[in-house]
Amino acid sequence: MPSVSGGGHASNNFVWKDWVNSTGYTSNGFVFLLGMLNGAFAVGTPDITTHLAEEIPKPGINIPKAILAQYVIGFSTTFFYVISIFYGITGLDTVLEESTRYFPLAPIYRQATGSAGGTLGLLILSFLPLFIACIGLYLTSSRTFWTLARDNATPFSAFFSKVSPRYRNPANAILLCAVLCTVLGCIYVGSKTAFSAFVGSFIVLTTLSYLTAILPHLLYKRRNIRPGWFFMKGAVGFVVNAVSVAYIVVFIVIFCFPFALPTDPETMNYAALITGGLTVFVAGFWFWRKGEYVGPQQVVLADEMMAKDAF
């Protein structure tokens with residue numbers, strides 16, 4: 001597109017060699033690690049798939065395959081997409097300046113296409129998958145809340161744990177998640193800073209949820225979970241789990257740092273505040289409901305064939 005529009009491409013040095021640190025931090029290594037926050041949003045990819053484990057055949061085999069496919073396809077497509085984006089940038093300062101006021105991709109597409117119409121067309125292509133992804137978000141979030149309600153771990157558990165006989169899904173939980181997502185979206189209208197705080201804490205909260213699963217598994221010497229089809233045996237499994245725990249602990253701290261210096265109330269990273277506040281809320285709720293919490297319950301399967309299919 002830059003060749004057709006006459007704007008030209010970015011240089012190879014700009015794409016592959018140049019390093020620009022405009023964050024205010026003096027350590028380029030730290031800036032590189034802090035910049036991994038964007039890629040860390042991919043942590044939600046396997047999380048989404050696992051919440052549908054009870055609704056697909058042979059989840060013990062198909063869930064790991066789906067996770068692998070997501071990462072392979074996502075990495076391959078994103079890698080080449082990022083390269084093309086970099087070559088389309090002809091004015092980095094303009095992109096950095098306008099990205100604070102508009103959708104960040106808009107100034108990049110404008111430089112690549114050289115026209116407002118081309119920019120709008122590419123932005124529409126970017127937004128369409130987002131609308132489609134909303135369906136998956138409602139599915140997975142509702143399944144998570146429904147599972148907690150089924151274990152008597154939420155308010156009004158009897159209502160939200162029901163499965164609609166008409167629609168054959170947890171319709172009550174789906175409607176609640178739709179309302180909550182809409183309310184969170186409305187926060188952006190009132191305060192961009194507050195909305196960014198909620199969105200920015202996603203990485204920290206989701207990664208911590210993985211830590212609460214992996215660390216006890218490691219501390220109990222990996223003996224309390226039934227091995228699946230892709231279970232890593234011996235020392236390999238211990239090494240992978242230990243590296244995962246170390247990675248999570250280090251990057252949880254890094255992702256709580258401000259994105260740039262100097263910072264102010266509008267640009268501050270509130271991930272630590274959101275995480276701490278939610279932790280206090282969940283802890284208080286646990287003390288309130290711990291006497292009624294029954295723990296994860298095994299779903300009653302219809303016959304022996306389904307039971308075999310579940311593993």
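Modeller: The crossing of helix 12 over helix 14 is right-handed, that is, the near helix is turned clockwise from the far one by less than a right angle. On the helix 12 side, the contact (heavy atoms within 4.5 Å) is made by Ala197, Gly200, Ser201, Val204, Leu205 and Leu208. Helix 14 contributes Ala271, Ile274, Thr275 and Leu278. By class, seven of these residues are nonpolar, three are polar and none is charged, with Gly counted among the polar ones.

This is a predicted model, in which local features need pLDDT of at least 70, side-chain atom pairs need 80 or more, and totals for chains, interfaces and linings use all residues. Residues are numbered from 1 along each chain as its sequence is written, and side-chain values use heavy atoms, without hydrogens or water.

As for the rest, the protein has 15 helices and zero strands; these are DSSP runs, helices being H or I of at least four residues and strands E of at least two, numbered from the N terminus. Its mean pLDDT (the predictor's confidence in each residue, from 0 to 100) is 83, and 91% of the residues score at least 70. Confidence is highest in helix 13 (residues 234-254), at a mean of 92, and lowest in helix 15 (residues 304-309), at 42. Over residues 300-311 pLDDT stays under 50, and the model has eleven contacts for this stretch beyond four places in sequence.

Helix 13 includes glycine 234, which is partly exposed because its relative accessibility is 49%; buried means under 20%, exposed over 50% and partly exposed in between, with a 1.4 Å probe and protein chains only. Between the C-alpha atoms of glycine 234 and arginine 222, twelve residues apart in sequence, the distance is 9.7 Å.

Arginine 143, in helix 9 (residues 116-150), has 6% relative accessibility and therefore counts as buried. Leaving out residues up to four places away in sequence, arginine 143 touches His51, Leu52, Glu55, Asn169, Pro170 and Ile174. Of the 311 residues of the protein, 25% are buried.
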